[in-house]
Amino acid sequence: MGGLQISQSSLALPCLECTPLQKDASGLLRLMVVLYKYGISDLKECAFSDLIMYGQYKEDLEAYAKAEARRLKTLQKLRKKEETIRKKELKTYRSASQRRLAGYLTTFWHHTFAKLGEDWVFLAVLGILTSLISFSMDYAIAICLRTRIWLYRDLARHPLLQYMAWIAFPLTLILFSSGFVHIMAPQAIGSGIPEMKTVLRGVVLKEYLTFRTLGPFVHVASIVATLLSKLVTSFKGIYENESRTSEMLAAACAVGVACSFAAPIGGVLFSIEVTSVFFAVRNYYRGFFAACCGAMVWRLLAVWFKDEETITALFKTNFSVDFPFDPQELLAFALIGAFCGFAGALFVWLHRQIVYFNRRHKKMNSFLQRNRFMYPAVITVVISSLTFPLGLGQFMAAELTNHEVMNELFSNITWSGADLEVDDKIIVSHWITPYTNIYINLAIFIIMNFITTTVCATLPVPAGVFIPVFRIGAAFGRLVGECMAAWFPEGIRMGDNIFKILPGGYAVVGAAALSGSATHTVSTSVIVFELTGQMSHILPVIIAVLIANAIAQSLQPSIYDSIIQIKKLPYLPSIISTSSQAHNVYVDDIMVREIVYIWEGATYREIKSILKSNKRLQSFPLVESSESMILLGSVQRMELMRLLERHLGRERRLEEVARRKSVDEDTYKAAQEQQRRMSRFEVIPVAGLARPSSRGSPPPSPTMTPTSPKKSILKHSPLHSPYSTITSSIAHDSRLRAAFEAIFRKALTLQDANPSEKSDNSGPPTPNIPKRVKLPKERVIDMSEEEQIQWEEDQLNVPVDFCKCHIDPAPFQLVERTSLIKVHSLFSMLGLNHAYVTAIGRLVGVVALKELRKAIENMQGGNFVRNPPPNFETTSILNNSYMAAEYPSEPPSEAPSEAPSEVETPSESEEPERNRFVFNFRNIQRTNQTSPV
């Protein structure tokens with residue numbers, strides 16, 4: 001036998017004393033591995049000098065260990081992922097004290113709050129907690145703004161220090177926010193409304209509604225509702241219901257908006273418009289009640305902290321109620337609405353272009369990703385420099401806070417008037433300079449805030465866009481109002497009456513119109529009424545908002561839908577036009593006929609190939625057979641992965657190894673009982689020299705024939721199993737085991753090289769204590785690489801038993817003549833991601849969210865093209881070819897795998913059309929396209 005050979009004398013104990021292995025107990029173990037590795041059959045021809053191959057074996061062992069470590073690490077990740085999913089499906093175990101506490105809480109709940117109404121208590125707590133968090137955030141922001149202005153004014157004699165203080169304060173906060181969000185929760189970036197719009201549609205965003213992703217108020221309220229639901233679930237299981245969770249999230253969005261403006265009615269309506277396509281009427285009272293609780297507590301906190309004298313509107317106005325505006329001014333209000341409609345569309349378009357510009361330039365994008373603080377730092381420094389009060393900021397009222405700016409824009413005075421009081425002159429002084437007047441300052445304020453708001457909306461920090469857009473609209477309305485007051489200083493004459501121009505009313509109209517056009521909502525009109533505390537301008541506000549919405553919706557999507565498109569969130573756009581085209585487009589025109597499916601009787605090899613070829617599909621339809629295509633249900637991808645793991649995983653393989661080993665041992669024992677092992681040495685009596693003995697001599701041994709093979713001491717048993725390890729192989733040969741036991745007895749007498757270093761300092765060293773070699777107590781018996789490949793190849797040909805996995809017996813189904821508008825309604829109301837198309841029970845196609853969204857966008861853009869009808873002749877030819885062809889088998893993998901991997905990709909040599917089936921009206925063909933389910 002080729003390989004390493006060691007002489008028998010080399011195994012003697014005296015030879016071991018002169019070798020380096022004496023001082024290394026692990027070397028003896030390596031020697032055992034070497035002996036077993038090379039299958040030693042004779043120990044006669046060489047000494048320990050032939051161990052030069054030992055180094056080569058060590059290198060091979062190191063490479064094998066690295067490969068095994070990588071394989072185990074990948075398998076550990078897969079198992080950890082599956083364990084995480086399994087933990088989410090199962091309820092966590094609670095200790096006895098936790099169960100006892102939950103019992104007490106349940107009893108207390110049933111005897112107190114349950115009698116008052118569970119929903120009322122839950123919604124009240126939701127509103128109060130959200131208002132507390134919202135007020136705390138507002139209070140902290142106000143302190144930061146006042147501190148910045150105080151630093152600027154306190155350093156009045158040092159312009160350079162003023163500039164440094166003006167820039168350093170926001171730069172520090174922005175960089176901290178950017179870094180903290182990047183480390184803790186990147187999902188918190190943005191306003192939160194686009195994500196909540198997606199969540200309420202039924203899409204689960206990973207770790208979005210957790211406490212670590214605190215963002216703007218709508219997001220905060222949704223997180224509080226989620227955490228409260230989990231808390232109440234521990235002793236009230238009704239809140240585990242998915243429908244109830246969705247209802248509470250809808251109410252939370254209303255609370256978030258209400259706490260931002262102290263506008264409960266407008267907050268509810270705004271949350272419905274921006275987050276829901278279909279809104280359940282039963283959620284109205286939940287939203288209103290929670291919003292009222294939140295707004296009331298939010299305003300009470302302002303009174304308790306001496307910010308307000310009593311509960312009033314946030315930006316209270318005192319417009320004339322008798323004659324708030326002249327009917328002739330409605331034309332000016334309509335023009336404001338039209339201009340705000342174009343401005344809102346421009347804002348959305350400019351924001352999207354800035355984001356796409358950063359993405360298109362790959363080098364700049366890569367540089368900014370490597371230096372994540374560079375982009376927010378540069379933007380913050382530039383904008384802070386532009387708003388510096390000694391520079392361009394003097395034309396923008398930079399020394400005022402946001403609350404002060406809104407109060408002055410809504411003020412019921414005419415800034416261009418001649419008879420101004422002292423307080424009025426103080427307000428006007430913020431909007432004029434020695435070089436400019438109020439008109440130029442308002443124009444600069446509008447343009448600069450429009451640009452800076454668009455750029456700042458791209459920063460990777462939690463921030464909303466409603467308040468900045470609302471402020472820009474108020475400034476534009478104020479500018480128009482001041483121009484009207486300058487053009488008509490005496491007012492507008494209507495008969496014998498003269499009506500004064502109120503620029504503050506124009507500011508209210510502009511704020512509602514621009515914010516409504518950017519968000520595609522009408523409820524902003526209600527919000528401004530609650531903010532100002534007056535409804536005197538209800539008609540101009542409604543007219544301007546409607547005109548602005550009509551123009552903006554025809555040009556651009558809302559800012560929230562645009563962010564959804566930018567982030568590529570799975571959301572379904574609304575159908576703007578309900579003309580006959582939407583009713584004349586059917587499922588047959590948009591469905592995917594090339595279906596990836598699984599069938600009864602499919603082998604594990606086919607299932608594995610389908611999973612590898614379609615990594616993006618999360619569910620697969622299960623049909624009766626490829627000929628009938630009768631839909632039986634739907635199976636999730638994770639279930640198929642679990643099937644493969646159970647069938648080809650390590651546990652199953654070890655069970656097979658144990659079974660084979662037990663069979664081998666039973667066979668070996670039976671063979672030992674039938675035939676005694678022949679000895680290597682035999683005694684042959686010589687004729688004529690035999691002496692009689694009084695004692696009975698044993699019978700002579702049979703004469704050895706030349707054909708009898710001589711057996712070596714270390715020769716392996718002919719019944720050796722390839723699935724046995726070193727330990728099991730030694731057990732089969734008693735003599736080889738005895739030799740190794742002698743080596744171990746010698747190892748037990750080895751002493752420590754430095755006994756004094758490891759001895760106790762309190763006493764003398766004890767060098768005579770023998771060093772013990774700890775051997776592994778248990779060895780795991782596994783297959784070799786070749787055996788594992790062969791075993792996996794055999795197991796992959798076994799048909800799959802789908803009874804061992806969870807099957808959805810009733811997936812959502814459509815018929816071919818269902819109209820597009822009905823499909824849109826079903827997907828929106830039920831939160832579907834895909835639906836199968838059947839004809840008399842046969843699977844003929846599939847419609848996913850991607851196809852539906854693409855069809856709606858093409859129809860609204862005038863580029864809709866119907867699916868071509870199937871070619872029966874071509875399909876029949878392909879079908880005959882398919883039926884005549886044999887299904888190709890997958891070549892054996894190069895290395896054994898513990899479980900099917902998601903990252904595996906087929907090689908270029910594999911057939912690209914394998915395991916992809918197309919069903920077109922009872923015909924099956926192969927294709928390269930897949931369904932985006």
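What is the mean pLDDT of the chain, and what share of its residues reach 70 or more? In this predicted model, the chain has a mean pLDDT of 75, and 72% of its residues reach 70 or more. Among the elements of the chain, helix α18 has the highest mean pLDDT, at 94, while strand β10, made of residues 924-925, has the lowest, at 34. The pLDDT is below 50 over residues 1-25, a stretch that has 56 contacts in the model beyond near neighbours in sequence. Over residues 687-732 the pLDDT is likewise below 50, and that stretch has 56 contacts beyond near neighbours in sequence. Where pLDDT is low, the predicted coordinates should not be read in detail.

**Annotated spans**

An unreviewed UniProt entry lists residues 120-143, 163-189, 248-272, 284-305, 330-352 and 373-397 under "transmembrane region". In the model, residues 120-143 are 100% helix and 0% strand, with the end C-alpha atoms 34 Å apart. The span of residues 373-397, by contrast, is 52% helix and 0% strand, and its end C-alpha atoms lie 29 Å apart.

**Aromatic pairs**

A search of the whole structure finds 22 aromatic pairs. One of them joins Phe315 and Phe410, whose ring centres are 6.1 Å apart and whose planes stand at 70°, so the pair is edge-to-face. This pair links distant parts of the chain, 95 residues apart, since Phe315 is in the loop between α12 (284-304) and α13 (330-360), and Phe410 is in the loop between α16 (402-409) and α17 (422-429). Phe315 is buried, with a relative accessible area of 9%, and Phe410 is buried with a relative accessible area of 3%. Phe347 and Phe450 also form an edge-to-face pair, with 5.8 Å from centre to centre and 75° between the planes. Phe347 lies in helix α13 and Phe450 in helix α18 (residues 438-456), so the pair ties together parts that are 103 residues apart in sequence. Both Phe347 and Phe450 are buried. Ring pairs also link Phe270, Phe315, Phe410, Phe466 and Phe470 into a cluster.

Two arginines are placed over aromatic rings, as the table sets out.

| Arginine | Ring | Distance to ring centre |
|---|---|---|
| Arg148 | Trp166 | 3.7 Å |
| Arg817 | Tyr586 | 3.8 Å |

**Nonpolar cores**

The largest nonpolar core has 99 residues, and those with the most contacts inside it are Phe410, Trp415 and Trp431. Helix α19 (residues 466-487) supplies the largest share of this core, 10 residues. Leaving aside residues up to four places away in sequence, Trp431 touches several residues, among them Ala397, Leu400, Trp415, Asn437 and Phe445. A second, separate core of 30 residues includes Tyr597, Leu796, Cys805 and Val846.

**Two residues with positive phi**

Ala397, one of the residues that Trp431 touches, has a positive phi of about 55° although it is not a glycine. Ala397 is found in the loop between α15 (374-386) and α16. Ile840 also has a positive phi of about 55° without being a glycine, and Ile840 lies in the loop between β7 (834-839) and β8 (842-848). Is each of these residues buried or exposed? Ala397 is buried, with a relative accessible area of 8%, whereas Ile840 is exposed, with a relative accessible area of 84%.

Terms used:
Residues are numbered from 1 along each chain as its sequence is written. This is a predicted model: local features need pLDDT of at least 70, side-chain atom pairs count only at pLDDT 80 or more; totals for chains, interfaces and linings use all residues. Side-chain values use heavy atoms; hydrogens and water are left out. Rings of Phe, Tyr and Trp (its six-membered ring) pair if their centres lie within 6.5 Å; planes under 30 degrees apart count as stacked, over 60 as edge-to-face and the rest as tilted. Helices (H or I, at least four residues) and strands (E, at least two) are DSSP runs, numbered from the N terminus. Buried means under 20% relative accessible area, exposed over 50%, partly exposed in between (1.4 Å probe, protein chains only). A charge sits over a ring if NZ of Lys or CZ of Arg is within 6 Å of the ring centre and within 35 degrees of the ring normal. pLDDT is the predictor's confidence in each residue, from 0 to 100. Contact means heavy atoms within 4.5 Å. UniProt positions are given in the numbering used here, feature names are shortened, and annotations may be inferred rather than shown by experiment. A nonpolar core is a set of buried Ala, Val, Leu, Ile, Met, Phe, Trp, Tyr and Cys residues joined through side-chain atoms within 4.5 Å.
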